[in-house]
Each structure stands twice: as structure tokens, then as C-alpha cells.
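Biologist: I am new to this one. Walk me through the terms as we meet them, please.

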Amino acid sequence: MKKIILGVAMMASALLVNAQKITIKGSDTVLPLAQKDAEVFMKKNAGKSVTVIGGGSGVGISALLDNSTDIAMSSRKIKMDERMKLQDAGRAFKEVIIANDALSVIVNPQNKVSKLTRAQLEGIFTGKIKNWKEVGGDDMQIVVYSRETSSGTYEFFKEHVMNRKNYASSVLNMPATGAIIQSVSQTKGAIGYVGLAYVTKEVKDIAVSYDGKTFTMASIENAKNKSYPVVRPLYFYYPTSKEAAIKPYLDFILSVEGQKNC
Amino acid sequence: MISSGISSLAVLLIVIFLFREGFSLFSTSPLENKNIIVVNKTNPVSKLNAGQIKAIFDQEITNWKDLGGNNDSIILFTINDISNYFSDEEVGAEFEFLPDKLNALVDSNPTMLAVYQDKYLAKKFSGKIVNVAKNNIPDFIMGKQWFPTAEPAVQLGVAPLILGTLLVSFFAILFALPVGLATAIYMAEVADERLRKILKPVIELLAGIPSVVYGFFGLIVIVPMIHDVFNLPVGETALAGSIVLGIMALPTIITVSEDAIRNTPRSMKEASLALGANKWQTIYRVVIPYSMSGISAAAILGIGRALGETMAVLMVTGNAAVMPKSLLQPVRTIPATIAAELGEAPAGGVHYQALFALGCILFLITMAINIWVQAISTRRKMNK
């Protein structure tokens with residue numbers, strides 16, 4: 001798999017001699033969005049070609065480092081040590097936020113609880129709060145579902161909601177977002193987190209508050225106007241030297257039309 | 001001759017690769033990315049283990065006196081906090097001033113615990129580097145905490161994973177053996193030829209179903225069933241894993257033990273019937289004792305199948321890395337851990353090596369089982 005990606009990347013970079021071609025590589029979260037915009041962009045601008053490749057945020061940023069991509073897409077902010085590596089390689093780069101992705105906290109539809117504060121969420125996911133009655137629900141054990149450690153969502157939730165504390169060891173790790181939805185829908189005391197786009201009728205998403213006073217539901221509007229707190233920005237990173245070449249695509253994705261897909 | 005040579009060479013190389021990667025774990029520190037832990041030189045604490053570091057960063061330990069130091073609360077510092085103390089200009093565009101700034105920071109905060117990479121150690125370093133114990137085999141096997149991505153120090157205790165694997169496999173075989181054995185006896189001794197011709201392919205079909213399908217079936221059917229029947233808060237349990245694995249081990253058990261039963265010489269059965277024993281007595285007293293070693297081999301092969309199964313277990317057991325106390329609680333198995341985590345573990349890192357070490361443990365368990373099967377089948381030949 002990696003070899004195939006590498007091969008594609010090498011072919012893509014070989015094609016880069018032509019300035020009209022842009023390669024984008026990185027996060028699988030950003031991929032569908034960048035792909036959709038790339039298709040529209042290519043239709044509107046004949047002769048320009050945009051190639052979008054997945055692999056994960058880390059893969060994208062290391063491709064930036066070895067110069068095999070024009071843009072790295074990332075679902076997290078560039079890490080300090082990655083910045084240092086780019087620094088060591090003498091590559092100046094720029095950062096653009098292209099969209100915001102909201103993370104919904106979901107429970108079973110039969111659960112009375114419909115809002116939680118960040119501190120309560122931290123307590124639940126670190127295992128300090130074990131029963132729904134402690135947060136205003138029925139007397140029922142809380143069953144916590146999380147993604148696997150490899151997921152970017154796992155890291156994001158840990159960093160932003162749990163204050164960098166570790167998950168309790170009793171947390172159930174599910175291999176995919178679909179499995180979390182399935183389990184939460186059939187387990188009464190369940191709680192989990194998924195991307196906003198994945199929320200279905202079988203589960204109930206709840207309002208979240210960071211200050212303990214104003215509770216907001218996850219929705220596209222609330223994510224855009226930043227009133228919903230569990231939102232992660234999605235980034236593009238690109239070398240300053242290539243700014244001119246990628247400018248048309250970047251302008252398009254940030255335009256009203258490009259943002260429709262975000 | 002050549003092909004067998006090539007295949008044994010391939011097996012040997014895989015094993016060597018597995019153990020080389022696995023054992024490199026025990027020469028590394030649990031601190032990731034060449035990080036070091038630095039405290040003020042006046043701090044009496046000079047040694048920490050991975051568990052303490054995790055507790056400090058989870059803010060369960062907030063006072064130095066819990067670590068044998070003075071009664072002062074701990075100020076934590078990681079490289080990501082640098083912007084709270086210094087501006088970008090002070091650090092320098094190429095981080096050229098960073099080492100001195102870090103040194104000065106720890107110097108001026110006697111209760112600070114700082115984590116940063118060793119390349120930012122100042123030339124005139126005036127703090128104290130805390131000694132962190134390396135990963136070692138006893139801690140790895142006996143440890144009860146599995147936090148392979150904890151920052152800054154990972155926690156690698158695989159006891160819950162080993163016990164989870166053994167628990168799920170053992171109960172899987174406990175469910176599968178009676179059912180499998182009954183089916184095998186029925187097919188070999190009771191069923192007529194026509195029925196057998198239908199049953200046999202059906203059972204072999206069971207072996208051909210992809211394991212992810214079993215897992216999906218388990219998640220949709222068995223997990224909610226267990227949840228309702230036992231009135232549990234959560235249906236993803238070791239029991240669900242055992243049932244799914246039991247079903248998956250059935251074809252192996254049935255085929256191997258049926259072969260063993262059919263090997264009973266006709267003359268022995270006829271002698272038993274001639275002495276006035278009925279059919280059931282013949283099966284119970286003659287056929288089963290005669291084919292006992294074949295049946296044990298079937299059971300052990302079934303355990304082997306259950307031990308190595310990955311995808312189905314990953315989907316139904318909930319994967320919580322806790323010490324298993326009962327069948328009705330989530331567990332995490334070794335194959336599920338490797339499958340779920342290897343994809344994103346940075347190659348060559350501590351987490352990556354730990355997963356290879358887990359692979360070594362699984363290999364040793366299955367090898368022991370294979371040797372056991374060998375021993376039993378040799379005994380069988382000698383009996384004849």
C-alpha cells in the first residue's frame with residue numbers, strides 16, 4: 001500500500017515539471033472535500049490539473065518535507081517537531097485554514113441527558129464519572145466508546161476536550177466510526193464521538209458547553225460561526241516558493257463556491 | 001525439495017524479523033522522540049518510572065512530595081507551552097536561542113518539570129536530567145496499563161492483552177468442543193451417507209466465510225442479544241468474542257475429529273456390538289476412547305484458530321485494555337491490538353516495537369500449541 005502511494009507520489013512529482021499540475025497530499029478527513037473542489041476547479045479551468053492523494057496528516061506533512069507534494073492537507077495543526085524538521089530542511093511554508101470540522105458527542109436516543117460541559121466530558125472519558133446520574137441522567141453505568149489510538153479524531157478529542165489527559169483504560173475502542181454509531185445505538189448507557197456528517201437518526205447528539213453556561217448543538221452553522229466548541233480546523237500547508245502555482249486553486253477553495261462543500 | 005527449502009527459509013526469516021523488531025523494544029526508553037525530563041538542580045527527585053510520568057501528566061500526581069520530593073506543586077512544561085513563556089523573537093527564527101531559554105526557564109522555576117528533546121539541551125546546562133527506567137521484560141509482561149500513545153512516556157503493560165486473548169480463546173473452545181464433537185460423532189457414526197454428503201460441504205462452507213462477516217454478524221446479532229439476556233450495560237464482551245470464535249472454530253474441530261472417529265477399525269466396533277453393547281455404548285466406550293488423541297488434536301487446533309483470529313474479535317469484544325475479571329466485560333486481545341494500532345504507529349518508534357513484541361508473544365503461544373499437537377499425534381501413531 002505504502003509503496004503504491006509512494007509510486008503515485010513519485011509519478012505525480014515527475015509530472016510537476018508542468019506548472020499547471022498541482023499535487024495535494026495528506027489527511028483522509030480533508031480528502032473528500034479537497035477532491036470535490038478539485039473536480040469543480042478542473043472543470044472550470046481547462047488545462048489545469050489537481051491530483052489529491054490521501055494517507056493521513058502525518059504522511060502529507062512528511063511529503064512536504066521531501067518535496068513530493070505542493071500542498072499538504074492536515075486535520076491537525078502542524079506539530080512542533082515537524083515544524084523544526086521543515087526549519088532544518090530550510091523550507092519556509094504557509095498555513096491556511098480551509099474548513100472547520102465539528103465533532104458531535106452522541107448518546108443513545110433513550111438517554112435523558114441532552115447536554116454536557118467540557119469538564120463533565122473530561123470526567124466521563126477519563127473514567128472519573130462512571131454513572132449517568134452524576135450528570136443528571138438515570139441511574140445507569142456510562143459506557144464510553146472511542147476510536148482506536150491510531151485515529152486523528154482520538155488525538156483531537158484528547159487534546160481539546162480532555163485537556164491532554166489519557167483515556168480511561170476501560171474505554172471501548174472501536175475500529176471505525178460506523179461501529180461507534182452501531183454500538184451507541186444499541187447500548188443504553190453509551191456515549192461516543194463522531195464527525196458531524198456521520199450522525200444518524202439511530203443516535204442522539206447532545207449540546208456541549210465549554211464555559212458551563214451556554215450549550216450549543218453541533219451543526220454546520222454553529223461550526224462556521226464558532227459557537228460550537230468541539231471544532232477542529234482543517235489545514236493546508238504549502239511551501240512559500242510554490243505560492244504562485246497553487247494560488248488559483250487555493251483562491252477557489254476559499255471562495256464562496258469552494259466553501260459550499262466544506 | 002527446492003520449494004520446501006524456500007518456504008522454510010521464508011518462515012525462518014519472518015521469525016527472525018519478528019523477534020529482532022520485538023526485542024529492540026527493550027533497549028529503548030519509554031520517552032518518545034528522544035525527549036528528556038529536566039528538573040531544577042535543587043529538586044531531590046532524580047528518578048521516575050513511566051507510570052509516575054503518566055500520573056503526573058494526567059494530573060493525578062500534582063505534588064512533588066508524592067514522588068519523594070519537597071512539598072511543592074508540580075509545574076508542567078512541554079515544548080508546546082513555549083509560547084506562554086517566550087515570544088517567537090526570543091526563541092529565534094531557527095530556534096537558535098531555544099536551548100538557553102529552556103535552561104533559564106527551569107533554572108528560575110524550582111518546582112518545574114520540563115520535557116523537551118535532548119538536542120535542545122543547553123551547552124551550559126545547569127538543571128538536572130531525571131533518570132527514566134528503560135522498557136524491560138518483566139514490566140512489559142506483568143504491567144497492567146496499556147497506553148501506547150500516552151505522552152510524554154508510553155505505558156506498555158501487556159498482561160491485560162495476554163489474559164484477554166487466553167480467556168476468549170479458552171471459552172471459545174469450551175463452547176465449540178461439545179457441539180463440534182457431537183456433530184462429528186453424528187456424521188461419522190449415525191448419519192446415513194446421503195445426509196453426510198449434504199452436511200459435510202455445509203460445514204466446510206462455514207470455514208470459508210470471511211472473518212469480517214462473522215464479526216459483523218456478532219456485532220449486529222450476538223452483542224445486542226448478550227446485552228439483553230444478561231441485562232448488561234454493554235454488550236461488547238469477552239462472551240460475545242467467545243461465541244463468535246466458537247462458531248469459527250467449529251469446522252476445524254468437526255473435520256479433524258470426524259476423521260479420527262472414522263479411523264476406528266470396523267472390527268473393534270463389530271466386536272463391541274457382538275458382545276451385546278448397543279450403539280450408544282459402542283460410541284461411548286469404544287469409538288471415543290480409541291479416537292481420543294485425534295479429538296484432542298482437534299481441540300488444540302481449534303484453540304490455535306481462536307488465538308490468532310483478529311477481525312471478528314476486534315469488532316465484538318469492545319477492545320478495552322483492562323484486566324479481565326469476568327466473561328461479561330470487554331476485553332482486548334493481542335491480534336486485535338496489533339491490527340488496530342500498527343497502521344498508524346510511526347515505524348521504528350516505541351509503540352511499533354511494542355506491537356512487534358506482542359507479535360512475538362502470540363507466536364510463542366501458537367508455537368507451543370503446535371508442538372503440543374505434534375506430541376499428541378505422535379502418541380496416536382505409537383498407540384496403533
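Modeller: Start with a definition. A crossover is right-handed if, with the strands pointing away from the viewer, the path from the first strand over the helix to the second runs clockwise. Bear in mind that this is a predicted model.

Biologist: Which elements of chain A make a right-handed β-α-β unit?

Modeller: Strand β1(A), helix α2(A) and strand β2(A) make that unit. The helix spans residues 31–44.

Biologist: How do you know that β1(A) and β2(A) pair?

Modeller: Pairing needs at least two bridges. Five bridges join β1(A), residues 21–26, to β2(A). So the two strands count as paired. They run parallel. Among the partners, Ile24(A) bridges to Val52(A) in β2(A).

Biologist: Why is β2(A) called largely enclosed?

Modeller: Buried means under 20% relative accessible area. Four of the five residues of β2(A), residues 49–53, are buried, so the rest of the structure largely encloses this strand.

Biologist: Which residues of helix α3(A) are buried?

Modeller: Ser57(A), Gly60(A), Ile61(A), Ala63(A) and Leu64(A) are buried in this helix, residues 57–65. Down the axis of α3(A), they fall within an arc of 155°, so they line one face of the helix. Just after α3(A), Asn67(A) has a positive phi of about 65°.

Biologist: What lines the second largest pocket?

Modeller: Its lining has 32 residues. Gly127(A), Lys130(A), Ala168(A), Ser170(A) and Val171(A) lie nearest the centre. In chain A, α5 (118–125) and β6 (143–147) each supply at least two lining residues. The space in this pocket is about 600 Å³.

Definitions and conventions. Residues are numbered from 1 along each chain as its sequence is written. Chains are lettered from A and ligands numbered from 1 in the order in which they are written. This is a predicted model: local features need pLDDT of at least 70, side-chain atom pairs count only at pLDDT 80 or more; totals for chains, interfaces and linings use all residues. Side-chain values use heavy atoms; hydrogens and water are left out. Buried means under 20% relative accessible area, exposed over 50%, partly exposed in between (1.4 Å probe, protein chains only). The arc is that of the directions from the helix axis to the C-beta atoms. On a 1 Å grid over the protein atoms alone, a cavity is a set of points where a 1.4 Å probe fits but cannot get out, and a pocket is an open set with protein on both sides within 12 Å along at least five of seven lines; lining residues have an atom within 4 Å of a point. Grid points are joined across faces, edges and corners, and a volume is the space filled by probe spheres set on the points.
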